[in-house]
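Me: I would like to learn how to read the features of a protein model, one at a time. Could we begin with how a helix sits among its neighbours?

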Amino acid sequence: MSTAADLMRDPQHDWHPVGASAALAAGATQAASLLGRELVLWRDAEGRCHAWDERCPHRGARLSLGRVDGANLVCRYHAWAFDGRSAACVQVPAQPDSPLPAAAARAYAVCEAYGLIWACIGRPQHTAPPPFPEYANEHLRKHVCGPYVLNASGPRIVENFVDMAHFGTVHDGILGSAAQLQVCRYDVGDFDVGDGSQGLIATRCMAWQPQPNSVAAQGSEVEYTYRIVRPFSAMLTKLPQQQSGFIEAIALFVQPLGEERSQVWLVLAVTDFAQTDEELSAFQDRIFEQDIGILENQLPKRLPLHPRAEVSVACDRMSLAYRDYLRRLDWRYGVLPASVAPDADTAS
């Protein structure tokens with residue numbers, strides 16, 4: 001029998017983003033993938049979202065090829081209809097006068113938050129997706145960027161998101177400068193996420209940025225705060241000193257397609273109401289595409305958790321705290337566990 005600790009370290013039992021809410025209209029279906037499993041997302045006529053296994057239980061046709069009929073999803077192959085509330089088969093057109101078979105689509109827990117559709121394919125260990133409190137601020141504009149698909153593990157992506165030392169090398173001229181690579185000391189500690197779990201927070205993170213955001217007219221010293229709230233979810237807030245009153249919060253949510261392949265969603269909550277959605281996305285696309293060039297070329301692809309697997313320095317303290325956080329969870333997905341010695345062949 002699985003213990004609570006077993007469930008907490010298995011990503012099947014957490015919520016993960018699987019699509020953008022705005023991209024799934026009422027009456028539409030959409031294919032998705034999560035943790036190596038293929039799903040169908042569909043929205044019934046009343047606007048309720050569903051996440052089911054992609055496979056029809058009759059002859060294995062993809063349910064995303066089907067159509068929505070009111071509250072039912074109808075398979076494209078033999079037109080078997082499945083009820084949105086129970087997922088049970090409610091119609092077999094080829095034999096309308098016979099008793100219905102004991103067949104049902106496999107339904108998963110689903111909800112919507114932060115402009116995204118979230119699914120849990122196991123037993124949800126949290127009542128809701130990761131907390132992103134800035135999204136509730138009615139004075140901030142919300143925008144979803146992505147998705148970005150890349151051949152990288154979720155933990156490598158999260159670690160990159162909270163790393164400031166690459167600003168001047170990977171994002172030179174935008175988030176950093178090759179002439180100013182020093183990372184000043186910052187603070188890292190545990191914090192109460194607010195849903196009964198513990199996360200990590202880094203504060204007093206200062207960085208000089210030539211272009212802190214897409215509307216910045218000049219460079220500025222910027223104060224960052226980073227939060228890691230789940231193994232595959234992290235947030236940052238940034239306050240440019242040269243833009244009084246400007247607030248930017250960005251949440252990174254990794255949709256793990258496999259242990260070494262991911263889809264990433266960025267959710268913005270900002271005071272910028274002047275630019276178009278396209279302009280907001282273009283700036284984030286530019287930044288993240290620079291990260292992809294690094295993330296897809298790290299070896300090993302899975303994040304090594306052995307303390308001596310990679311050489312670290314003082315400015316890596318948030319990265320080291322994240323690795324320790326995963327070790328404490330006994331996390332196994334997308335990582336090389338601490339039991340893998342640094343001299344082992346880890347170039348997977």
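Reply: Start with helix α4, whose buried residues pack against β11, α2, α3 (167–170), β16 (248–258) and β17 (261–270). Here contact means heavy atoms within 4.5 Å, and buried means under 20% relative accessible area, exposed over 50% and partly exposed in between, with a 1.4 Å probe and protein chains only. Helices (H or I, at least four residues) and strands (E, at least two) are DSSP runs, numbered from the N terminus. Please keep in mind that this is a predicted model, in which local features need pLDDT of at least 70 and side-chain atom pairs count only at pLDDT 80 or more, whereas totals for chains, interfaces and linings use all residues. Residues are numbered from 1 along each chain as its sequence is written, and side-chain values use heavy atoms, with hydrogens and water left out.

Me: Which residues of α4 are buried?

Reply: The general idea is that an α-helix has 3.6 residues a turn, so residues three or four places apart point the same way. In α4 the buried residues are L280, S281, F283, Q284, I287, F288, D291, I292 and L295. The helix has 19 residues and reaches 26 Å from its first C-alpha to its last, close to the 27 Å expected at 1.5 Å a residue, where the expected span is 1.5 Å times one less than the number of residues.

Me: What does C145 touch, leaving out residues up to four places away in sequence?

Reply: C145, which is found in strand β11, touches W265, L266, L268, L280, S281 and Q284. L280, S281 and Q284 are among the buried residues of α4.

Me: How many residues of helix α2 are buried?

Reply: Eight of the eight residues of α2 (residues 154–161) are buried, so this helix is largely enclosed by the rest of the structure. The list includes charged side chains, R156 and E159 among them, as well as I157, V158 and F161; Lys and Arg count as positive and Asp and Glu as negative, while His and the chain ends are not counted.

Me: What do the buried residues of α5 pack against?

Reply: They pack against α2, β12 (187–192), β13 (198–209), β14 (220–230), β18 (303–304) and β19 (335–336). The buried residues in question are R317, M318, S319, A321, Y322, R323, Y325 and L326. Helix α5 (residues 317–329) has 13 residues and spans 18 Å between its first and last C-alpha atoms, close to the expected 18 Å. Just after α5, D330 takes a positive phi of about 55 degrees.

Me: Is H50 buried or exposed?

Reply: H50, in strand β4 (residues 49–53), is buried, with a relative accessible area of 8%. Leaving aside neighbours within four places in sequence, H50 is in contact with V40, L41, W42, D44, G84 and V110.

Me: What share of the residues in the protein is buried?

Reply: Buried residues make up 51% of the 348 residues, and the secondary structure comes to five helices and 19 strands. Among contacts between residues at least 6 apart in sequence, 59% join residues at least 24 apart.
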